[in-house]
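Thanks for making the time this morning.

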Amino acid sequence: MRRIPGWLLISAGMVFARATPAQTNPAIHQEARAILQQLIEINTTDSVGSVTKASEAVAKRLLDAGFPPGDVIVAGPTDRKKNLVARYRGGSQRSPILFIGHLDVVEARREDWSLDPFRFAESDGFFYGRGARDMKAGDAILVETFIRLKREGYRPDRDLILALTADEEGGDYNGVDWLLKEHKDWIDAQYCINLDAGEFEKLRGKPVLAGLQASEKIYADFHLEATNPGGHSSVPGAENAIYELAAALTRLENFSFPAHVNDITRSYFLQSASLTTGQLSTDLRGAAKQPPEASAIQHLSGMPYYNSLLRTTCVATMLTGGHAPNALPQMARANVNCRIFPGEDPEQIQTTLERVVDDPKMKVTLAEEKTSDGKAIPVVTVPPSPLLPEVLQAYSTTLAAMWPGLPVVPTMSTGASDGKYLRLAGVPTFGIACMFFDMEDDRSHGRDERVGVQDFYDGVGFGYRFIKTLSSEPSR
Ligand SMILES: [Zn+2]
């Protein structure tokens, strides 16, 4: 999950009050809370956890709510990595809508936390536990909504599919990838809503914006490697793999890839401009112009987050080299992590790196990611999803009913999410988290992870209205 940095957005005194308090239904809240608690207390880490157990717990709840057994599947490549796929039958032949969330969480050690990370706790208006924010709250919102709609006898205008999956955070068995390869028909949809992106942002208690993630950068690691004959370090010669690598990295440090602005980031810059003041606001407006203003690009490039939104970045992240304190190094290697701007050709990035390194002896190779069966995963460009009017409309309508005036801001993630697998498979995917997160209190992947109790309950209310609006005939 990746979000807009709060410290860059200075709310210009705007307050988006809730129009009507989200209908408070204590029984619904209690049930949603129980689902969140159950999910947090099932350890789903890659090391010792079981996504299967979480999938089975959700399956049981769906079956109890009246979903027919044939429409609730728990399946996956290994005993611990089974995904949940449920189909809510609807009324027409229109293509289904897919909703995704990941069930796995990053590792959490008891000694690093002030509480037990795998015991649900409520304190000072927050729910605590590993995955509270990333992203078991989102999973619980989806499960509660499916159960609630089913119980009410609601009939969507087409099938709704829920997929809660494994290994988004790491591990060898990414659930979305597995489903697309092995059982595409289970999750085939006109488009997908991913709750793992597109956060609603609030700053010091004030709602600021509702994100809509429609694009993301592509991840690729390259190795820069220098090799020499080596020798005794008491008689150093002209060649030294470590110096050669260091010089190459300095050239890389001083290089910037060309800036790009696409439809998503243009609209993001424009919307952000109205939420900020002063030079930053002017620069954001300048970057949104066609063509963008050079001075604006230059100013924004000085800020890491905007720089990442404007271009491909490649940065040294790891070093290996030498084999003994008293020997000349025979090898020195750096890992260079690239985040490729959507639409740029990954092969071209390697060519550019070779040109920047400017040393024919330096080897530049793509460090391929491998699937569990040892096959290299190709680095391919992920097209941004075109903003579908019906999604945008349902999103805006639902937000307007709950937080009038809250702007919808399309975003491009600088990191990667499961949305990429679906976008590559041709399924437009939109990150909509359905709930507010505090911009200054992001503890995902960190210590004492938490989510606001009221934010979660508002999310439960939003998810219900949003999914209903998306799948009701009169909304279009
Ligand atoms: Zn996540």
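I will take the disulfide, then its strands, then the remaining cysteines.

Please keep in mind that this is a predicted model, in which local features need pLDDT of at least 70, side-chain atom pairs count only at pLDDT 80 or more, and totals for chains, interfaces and linings use all residues. Residues are numbered from 1 along each chain as its sequence is written, and side-chain values use heavy atoms, with hydrogens and water left out.

Taking a disulfide as a pair of cysteine sulfur atoms within 2.5 Å, the count comes to 1. The pair is Cys314 and Cys338, with sulfur atoms 2.2 Å apart, and it links distant parts of the chain, Cys314 in strand β12 and Cys338 in strand β14, 24 residues apart. The link is right-handed, with 115° about the S-S bond, and both Cys314 and Cys338 are buried, meaning under 20% relative accessible area with a 1.4 Å probe, protein chains only.

Strands here are DSSP runs of E, at least two residues, numbered from the N terminus, and two of them pair if DSSP finds at least two bridges between them. Strand β14, residues 331-340, pairs antiparallel with β12, residues 313-321, over 8 bridges, and 10 bridges join β14 to antiparallel β10, residues 218-227. Arg333 in β14 stands opposite Glu225 and is also the bridge partner of Thr320. Of the 10 residues in β14, 7 are buried.

Cys192 is buried at 0% relative accessible area, and Cys434 is buried at 4%.

Definitions and conventions
Buried means under 20% relative accessible area, exposed over 50%, partly exposed in between (1.4 Å probe, protein chains only). Helices (H or I, at least four residues) and strands (E, at least two) are DSSP runs, numbered from the N terminus.
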